Structure formats: C-alpha cells, structure tokens
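Colleague: Can you walk me through this one? I'd like to start with how the chains meet.

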Amino acid sequence: MKRHKDLLLHGNEACAMGALAAGMRLFAGYPITPSTEIAEFLSVELPKVGGTFIQMEDEISSMGAIIGASLAGVKSMTATSGPGFSLMQENLGFAAMAEIPCVLVNVMRGGPSTGMPTRPSQGDVMQSRWGTHGAHPIIVLSPQSVLECYTLTIHAFNLAEKYRSPVIMLMDGIVGHMWENVQLPEKIEVIDRPEPSVPPDWYNPYDNLPGGEIVPLVPFGEGYRYHVTGMVHDKSGYPTLIHEEVEQCLDKLIYKIKNNLHDIIRIEEYMLEDADICIVAHGSVARSAREAVNIARNEGLKVGLLRPITLWPFPRFHLENISKKVKLFVVPEMNYGQVYGEVLKSCPKRAVRVTRVDGELVTPAQIMEKIEGAAL
Amino acid sequence: MIHTSETMYKYLRPDKKFPHVWCAGCGIGIVMGALVRAIERTGFTKDEIVLVSGIGCSGRMSTYLDFNTLHTTHGRALSFATGIKLANPELNIIVVMGDGDATAIGGNHLIHTCRRNIDLTALIINNNIYGMTGGQYSPTTPMECKASTAQYGTIEKPFDICKLVEACGASFVARSTTYHAKMLDAMLSRAIDKKGFSVVEALSQCPVQYGRRNKKGSAVDMMMWYKDNSLSNPAFKKIPPGEVGEQFPVGILVDLDEPDYLERYSQIVKKAGGDRL
Amino acid sequence: MKQKNDDPIHIFSRWCKKCGICIAICPKNVLESGTAGYPYAARPKDCIMCGLCDIHCPDYAITVKKNSDIKEAEHEET
C-alpha cells in the first residue's frame, strides 16, 4: 500500500485504507451497492497483512461476526448500505448494550426499502441514531471528502476503542464513489485497547468507575473470564433486574458519551464569524453548501456554513451558540429534512430546509434560491 | 467415571443462583452436565473455552458456566462465534443453541456455517418447542402436535436437524439424548476435538411446554421414549425406508476429514503474499 | 472388583427439584420418593455405583461417593 504520495482514490477505497491504517484486521460483510468496493478492496488487502476477510451470509451475521472478533481482541469492521443497515440494527444494539468497540460503515443510498441502489441519499441520519430498540447513544461520523473517508475511519476506530462503543461511518453514495486526488497524512493517531489495570479476580467488565473512566475490554482467552450479554447487566456482566443496577447499566451508556461531548464532537465552521445566515450541511451536500456560501459572499450576502463532522451526538451546543448570532438556518439534505428536525429543536422557527430525494445532489443553486428567497 | 455433581462445582459460577432456572425435569441441565464432563475430558482449561449461546432456555447456559461466555441475540450465536474463531483460532468455541434458535431464526447462519466448515462445535438442544416464550411450535415440533400457537395441531413438516447439517457440509454430526447422557458427553468431546464444524444434536425433554400439551407424560416418560425409539445408526439403516416410524438414529452420523475454513484461508494468505499472525 | 458401600449416595436436596429421574433411571431400584417428594436411598446396599443417577440428574443434586478402588461400573445404554 502506497502512502504519503498523491493517490487517486475513491471514498470507499480511502475508507478501507483508513481502517487498515487504524489496525482493523477483521472485516465481515455482505455485498451491497454502493458500499461493495470496501469489501472488495479488503478481500485483497487484508490477507496481505495477516488479517481476515470473510463474506458472511447476510448483514445480520456480518455484524455478529465483527462483535465476536472485537471480543477476541481484534479491531473489526463491516460495511453496508441502507437495507443492510436495517438488518444490522439488532446486533448494533447488542454492541451498544454490551459495549463492544467496532466500526460500521453505511454508504447511504436512496430508500425506503430497496429504493435506488445506485443513487445516493442521506436518508439514514435518523436510522443511524434511532434504528435500534431501546435507548442508547451512538457515535456517527460523516465525511465530505475522500481524504476524510480515510482520516475519519481512523478516528472512528479510535473513538470505538476509547469509548467502548460501536461507531458508525455514515457516508453517502456520492462520497463513497467520488474520486479525488489525495495526500494521505504521514502521521496518524491510533488508539489501541488499553490493558486492564486489575487482575482477573478483580475485573468487572461493566464497572462504574469514579470519574466515568471506562473499563478496558479484555479479549477472550486472556485469563479474564467474564460474561457478555445483550440483557441489562450488572457490573460483572450478569443479567439483572434489580432497579438500581438496571438504571446504572443504562445510565452508563448515556453518560459515557454525554460527559465526553467536547472530545467526541467535531464540527467545521466556514465564514460564520459575521454570518446572518448559517447553512447546516454534512457529507457531500456540505460541498454544495460551501460553494453556495462562496456565491452568496460574492453577492454580498453574509452566509456561513456549519458542517457537523460528528453527526451524532448532534452538535447542539454549537448550533445554539451560532443561533445567538445568525437570523436564519438553511438546512440542505438529501432527504426530507432529518438534520433539519434537529436544527429546529435548537432554534425553532428560524430554520428552513432544502430537500432533495430524487437521487441527485443538492446543488448550490438550490441552496441559493432558498437564501435569496428568505426575507431577512 | 467423571462424577457430574463434583465436576460441576469446578465449572459452575459460584456467584450465580442455584438451583438453575430450568423447570423440574427439564433436560437442559442433563445436557449441561454432559457438556461439562466432555470439556473436563478434553483437558482444555477454562480460559481456552468460549461458550457462546443464543436466546431461549438453552441460552441461559452461558450464564452458569465459568468460561469466557457470550450470550448473543436470538439465532445469531454462530455469527458471533465465527468472528471469535477467525480473530483468535486458538480458542475452542462451543455454541449452544435451541431448536428454534438454531434452525428457525438462525437457520441461515447454521447452514452457512456448515458450508464454510469453520472449526466450531455446535450443541443444538432440541426440545421440539419454544420453551422460554411459552410453548410455541418450532421447526422441529412434530406434525399434528399441540403448541400454544398450534392449538389445532401443527401442519408444518419438522426438520431433521442432523440430516439438514449433513447436507450442508458439517464435518461431524452426532445425535444423542438426555437418556443417553453418557453417550452425549462422549459425542461432545469428540465434537470439541474435531477440526471443522461439528454439530451435536441433543434431544432433550421439555415436560412443561411440550410434554404436557402433547400428553407425553413426565420427564421420565419422555426420556424413556428416547430410549425406546432410538437405534444405533447401523441398526437404523437396516429399517426399510417406508417403515421408519418415530425411530431415530443416535451416535455419530457423519465424521469427515476435510480442511476447515481457517486451513483454506491460510492458502489465501499465502496467495496474497501475507503472513498470518 | 465391585465393592458395596453402605451409603454411597449423596443427595443435595437444596438443588433437587423432585423430578424423579434418578428414581426411575436407577437399574437397581435403590431410590424412592420420600415424604416431601425428595428422593432418598431406600436400599443403599443394592447400589452398584453405576452413576446413572449422577449423570442424569438435571440439577446436579445427587452423586455416588467416589471410591478409588471401585472398578468403574460399565453400562451400555440403548
């Protein structure tokens, strides 16, 4: 694998390369457009580095296999698109509940159902947040470029290990299939699983440590025998129905993310300092939005862009801060307004949406139309 | 002779509540005893064993035993186990499933795990019913049996689990029953030692949800039924096809020596010019 | 060499669920159901230490005493 040079890559390839750079050594997946190139690339590259590639019988088992691999101490990943993502929800919930680090890539295509396999979409913003039953937080990242497909995949693995949580790379079909000339960074930060700080007899894989410190997940087979279940569990991992323990178990899932928002949330601001209008866009649409900002600035309009790189947890506080300065939010998306709904929560009545669900990218002109039409 | 009760103390988790959750007369306890004796015989340490279970009555087994244990989602135990095995081939993985778990919701995973011939041991506890959820019919409930969702009798043909997994390519297939508890642990230790995908079907009585509804009598009666209707495989084969009633073969039904998935995968690594860690 | 033991059978009634399997499976009819429904060794002298009760108890509530000089009892099922 070449590095540090200019490489012509597409997003899916960059994502797979990022995973390898992060130390991912087991990929289990099922073919689905527009994510398949990730599996194809890894089926060639993983054996070269002593890793394992396996094509499973479906997306359900793919998700199961990567959880199993992670429990055996190997960084693991799967990749899919909307319909497969729906099938993965069951075991994604398991990974969240049992606190298993792993990365799930969803290259979004048009839905619902089989929808438009070969057309991009951003329709899974809410599925990525609320697709499982019960309540648990989740970390979702949204890249806008081929380079970011690489860097954010590494970041996704780091977050997964750091917070013992599944992390979703939510790419859209455009980002996944887009070719760009990229220079991969020479230095990357890779977080590996920490060693346990206590001997086996003292080890509680789900302990509530003071200060919200997260217990390292010890791989199976290293002398730390413990129980892992999708049921609500006590600190040692056994199922429980005792009220206090149930609350502790579920609260911990929430707070390990909530108490670390400052570390988890990444955003990008563009020309927001003096902006009257803030566009909120992510993924490929953010590229159109950036262009719209440039056009608007040329026309003398004070428009800026907020790009959530971390889609979930949603950068609500950033939005609320910006809302003190701007008069209007414009939210372009390749769906009927999923991020728009989140923006409304923070700034009611001052947001408009630009939606597109026909399988084409939102254009700068469409965004401009909304900006110019807004009575300021 | 390995004394079950004494051996159990070595393997049961002392911090779990006993007696266990299963109903009086339920065969799963007998199967768990057989599994522990089998593991004791193979000589593997507790750290070398991973016990993966699905959901349902059988799924509770993983909670009780002091191995690396994983209680997965319904039907998906084999998928999780596949990931563990590929990530760390040194581990010995035993997957405990029920009949509904393995052949209904997990049917797809079962047939493909057979086909791949991954070095796992599947213990399918077949009690012909969904016990935990209250006696609904499963893919192995015999025809015209009563279940809570088949009050007029079942009309679906049941699976023969052993035939199913044999057809799908499992390397080792054996069947035993709770009556044949000693044979069961022998089959299980063979299966654990076997390289490749092994399946042991353990017929196990559910006197509460299946037996009572279908007038099969007590747990003892149901075990005696296993005794009366089981035959060794050679004896079973002698019965003319049309004359097989409720009889079934027990013992080793398939024992093949074929390269397992990881052996084949190492060839891939070689072709790719890589180095398996 | 088979040795008869006076009371080789140990029943742990805290774990026993009174299913009756041990009583039925015993080839020598050693066990009987007591007043509270728990099994007890009515004819312990008849015990051949085959261990069938031990391996068939779903609750690990009965065992026969290990005696190193007892030849392993053989039994063929089926």
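Modeller: We'll take the chain contacts, then a few residues in chain A. Keep in mind that this is a predicted model.

Colleague: How many salt bridges cross the interface of chain A and chain B?

Modeller: Four salt bridges. In one of them, the side chain of Glu57(A) meets that of Arg116(B), at 2.6 Å from N to O.

Colleague: And how many residue pairs are in polar contact between chain A and chain B?

Modeller: 18 residue pairs, both residues at pLDDT 80 or more.

Colleague: What does E10(A) pair with in chain B?

Modeller: Strand E2 of chain B, residues 68-71. The two strands run in the parallel sense, over three bridges. His227(A) has Thr69(B) as its bridge partner in E2(B).

Colleague: Next, chain C. How many residues meet between chain B and chain C?

Modeller: 35 residues of chain B touch 30 residues of chain C. That pair buries about 2600 Å², 63% of it on carbon and sulfur atoms.

Colleague: What about salt bridges and polar contacts there?

Modeller: Zero salt bridges between chain B and chain C. There are eight residue pairs in polar contact, both at pLDDT 80 or more. On the chain B side, the elements giving two or more residues are helix H1 (4-11), helix H2 (28-42), helix H8 (181-193) and helix H10 (219-229). That side divides into 21 nonpolar, 11 polar and three charged residues.

Colleague: How far apart are the closest C-alpha atoms of chain A and chain C?

Modeller: They lie 21 Å apart, and no contact joins these two chains.

Colleague: Switching to single residues. Where does Ser236(A) lie?

Modeller: Ser236(A) is in the loop between E10 and helix H8 (243-258) of chain A. Its side chain makes a polar contact with the side chain of Asp234(A), at 2.9 Å. Leaving out residues up to four places away in sequence, Ser236(A) touches Asn204(A), Pro205(A), Tyr206(A) and His227(A).

Colleague: Is Leu306(A) buried or exposed?

Modeller: Leu306(A) is buried, because its relative accessible area is 0% and the cut-off for buried is under 20%. Leu306(A) sits in strand E13 of chain A, residues 303-308.

Colleague: What touches Leu306(A)?

Modeller: Not counting residues up to four places away in sequence, its contacts include Ile267(A), Leu272(A), Val280(A), Ala281(A) and Ile322(A). Ala281(A) is 25 residues away along the chain, yet the two C-alpha atoms are separated by 6.6 Å.

Colleague: Last one. Which residues of helix H2 in chain A are buried?

Modeller: Thr36(A), Ile38(A), Ala39(A), Phe41(A), Leu42(A) and Glu45(A). The buried residues of H2(A) pack against helix H1 (11-21), strand E2 (26-29), E3, strand E4 (76-80) and strand E5 (102-110) of chain A.

Definitions and conventions:
Residues numbered from 1 in each chain as written. Chains lettered and ligands numbered in written order. Predicted model: local features only at pLDDT ≥ 70, side-chain atom pairs only at ≥ 80, totals over all residues. Heavy atoms only, no water. Polar contact = N/O pair within 3.5 Å; in protein donor to acceptor, adjacent residues only side chain to side chain. Pairing = 2+ DSSP bridges. Helix = DSSP H or I, 4+ residues; strand = E, 2+ residues; numbered from the N terminus. Contact = heavy atoms within 4.5 Å. Buried < 20%, exposed > 50% of the residue type's maximum accessible area, 1.4 Å probe, protein only. Buried area = accessible area lost by both parts, 1.4 Å probe. Nonpolar A, V, L, I, M, F, W, Y, C, P; charged D, E, K, R; others polar.
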